[in-house]
Amino acid sequence: MSNATPALTLSAQHLKRSFGKQTVIHDVSLQLHRGEVLGLLGHNGAGKSTTMQMLTGCLTPDSGSIAICGIDLLREPTLAKAHIGYLPETPPLYKEMTVADYLTFVARLHGLKAEAAPEALALALQRCGLNDKRNKLIGTLSKGYQQRVGIAQAIIHQPAIVILDEPTVGLDPTQIREIRTLIRELGNQHSVILSTHLLSEVESICDRVEIMQNGKLIYGDTSARMQRYGQISGFTVSLRNPPALSELQGIVGVTRVEQMTAHEFRVLHALEHNPSAELLTLAAQQGWHLEQLTPLQTRLEDVYAKITDAETSHAGESN
Amino acid sequence: MIKLLALRELRSLFSAPSTWFMLAALQFIFAWFFLARMDAYLELQPQLAQLANAPGATASIAAPVFNVVALMLMMLIPMFTMRAIAEERRNQTLPLLLSSPLSSMQIVLGKFLGLMLFLMVLMSSAPLMIYTLQLGTPLDQGLLWSNVLGLILLSASYAALGLYMSSLTNQPVIAAISTLAVLLGLWLADISSNAPDSPWHMFSPLFHFQNFNFGLLDSGDAVFFLSFSSVFLLLAMRRLNNNRVYG
């Protein structure tokens, strides 16, 4: 499968889908290249899961086309699906089976020969850190381990495309870090699509990001460039003995100050010039009693707001 | 692929404690009835010996036992078929099958085959018990095997119906009750219509089993069972396809 896999592993064109009268997906087009990790970012209910269900053949789109490694998913579903590994929102686990039996079953289900299965099993167990759980019943595992079994079943047959629906939900921080490393590794050999509502996840593992809102893709670019969108230069500062607002505004580099509570201020500044050092010296000199200084965290909302702002200003006339 | 699914289905059936309990209870009922029939036969035997063309042991013990098994299967098969697809849906494991390179036909046939293998294990106790009679008396092999064949065809039609009902819902209990309702309905319509040419006889699987029970192999009955099973299997495949269309 190494050289035969075309550079474009997945191409979905103009997908539309409605449930009853409600249109859930409006004209979504996605492309995925080999060795790429694509993040599908959006709030709950934005249509991420529905899109993924369509890409894996669990749901037929009302219109549009999907090609997996050049094979039409709607016309030749069995051929195309052999190249997909899919972890749905709820991992599809048979609780009464042991980990090893279950993974072997999944591997065979995806067309692996009986002789090849043990090797694939060993690799998947090792990659997902499940070696010491192989003979446990899935039902007895903790949620985090069940999630790992879910990831293992998506990658055991070495598919060209791995589709993961919120893979890190329900894991503890260490496990999240491990799973992210694993996904990054997968990205070297396979194409990966993962959905998430966490901005940090996209920043740390994805090469490219598509932001989804109300069933539309509102933004698509490399994740490095998206981070620029998200970047807010500023910090919140709490002073026990605060000066007048104008005094804070007077500091070189500060563009805007908002008072949040009696003691807390939100300070925005220019990207090139960070005034926090000056603020610190001033606070010490004037006795403002600085208690806390926290850089502003980028929130998905901010990115959305910026992106939608940018969109509307671009397409101002057409509306 | 179909074999793989069938074996998994079989395994999941055997991994449930309730299955073993039902197997044990069923075996107890079969054995009880078998012994009761044997008792009655032994009591009547002196009188039967005086008749010119008396019914043999197979006709007087085996046939009624098989008839009871057929009736019991009507009540029990819904319990085993109910989980087939409904539980996959409820546990959200259906996406695994839908996203794997399998057609709806393979999924349905795999499940059906797994159920049939299980039901054969379940039913096998009846002919085995009857074969113990061979220690004392020759058995009518033809009658015995026509009953076994009839029972397999009958359970295939029940299982196909149960599988379809299971594909309609995500509540196994609803699947079981609706399967039972249809089977009981067909049976009651059959036994309550007195006219011999009533169309209700045509639709009742148990009615078609009667000929097998008497040792009559009628191709019409076999065609009924095969078409009854295939109609519901096709409907189940259609339902799975619709699952992709309607979500």
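Two strands count as paired here if DSSP finds at least two bridges between them. Please keep in mind that this is a predicted model.

## The six-stranded sheet

Next comes an open sheet of six strands in chain A, with the order β6-β7-β8-β3-β9-β10 and mixed pairing. At its edges are β6 (84-87) and β10 (216-222) of chain A, each of which pairs on one side only. On average, neighbouring strands are turned by 15 degrees against each other, with direction ignored.

Inside this sheet, what is the sense of pairing between β3 and β8 of chain A? Strand β3 (residues 37-41) and strand β8 (residues 191-196) are parallel, with five bridges between them. One pair of facing residues is L41(A) and T196(A), the latter in β8(A).

Which helices lie across these strands? Helix α5 (residues 143-155) of chain A lies across β6 and β7 (161-165) of chain A, at about 165 degrees to β6(A). Helix α6 (residues 173-189) of chain A covers β3, β7 and β8 of chain A, and runs at about 145 degrees to β8(A).

## The four-stranded sheet

Chain A has another open sheet, made of four strands in the order β12-β13-β11-β14, and its pairing is antiparallel. β12 (254-259) and β14 (290-295) of chain A each have a single partner strand, so one side of each is left without a neighbour in the sheet. From one strand to the next, the twist averages 20 degrees.

Strand β11 (residues 234-239) and strand β13 (residues 264-269) of chain A run antiparallel and are joined by five bridges. In that pair, F235(A) stands opposite V267(A) of β13(A). Helix α10 (residues 276-286) of chain A lies across β11 and β14 of chain A, and its direction is at about 175 degrees to β14(A).

## Where chain A meets chain B

Now for the interface: 27 residues of chain A are in contact with 24 residues of chain B. About 2200 Å² is buried between the two chains, and carbon and sulfur atoms give 64% of this area.

How many salt bridges are there between chain A and chain B? The count is two. E96(A) forms a salt bridge with R8(B), where the closest N and O atoms are 3.4 Å apart. On the side of chain A that touches chain B, the elements giving two or more residues are β1 (8-19), α2 (77-81) and α3 (99-109) of chain A. Of these, α3(A) gives the most, with six residues. Sorted by class, this side of chain A has 14 nonpolar, eight polar and five charged residues.

How values were computed: Residues are numbered from 1 along each chain as its sequence is written. Chains are lettered from A and ligands numbered from 1 in the order in which they are written. This is a predicted model: local features need pLDDT of at least 70, side-chain atom pairs count only at pLDDT 80 or more; totals for chains, interfaces and linings use all residues. Side-chain values use heavy atoms; hydrogens and water are left out. Axes are lines fitted to C-alpha atoms, for helices over the stretch in contact, and angles run from 0 to 180 degrees between N-to-C directions. Contact means heavy atoms within 4.5 Å. Buried area is the accessible area (1.4 Å probe) that two parts lose on being put together, summed over both. A salt bridge is a side-chain nitrogen of Lys or Arg within 4 Å of a carboxyl oxygen of Asp or Glu. Ala, Val, Leu, Ile, Met, Phe, Trp, Tyr, Cys and Pro count as nonpolar, Asp, Glu, Lys and Arg as charged, and the others, Gly among them, as polar.
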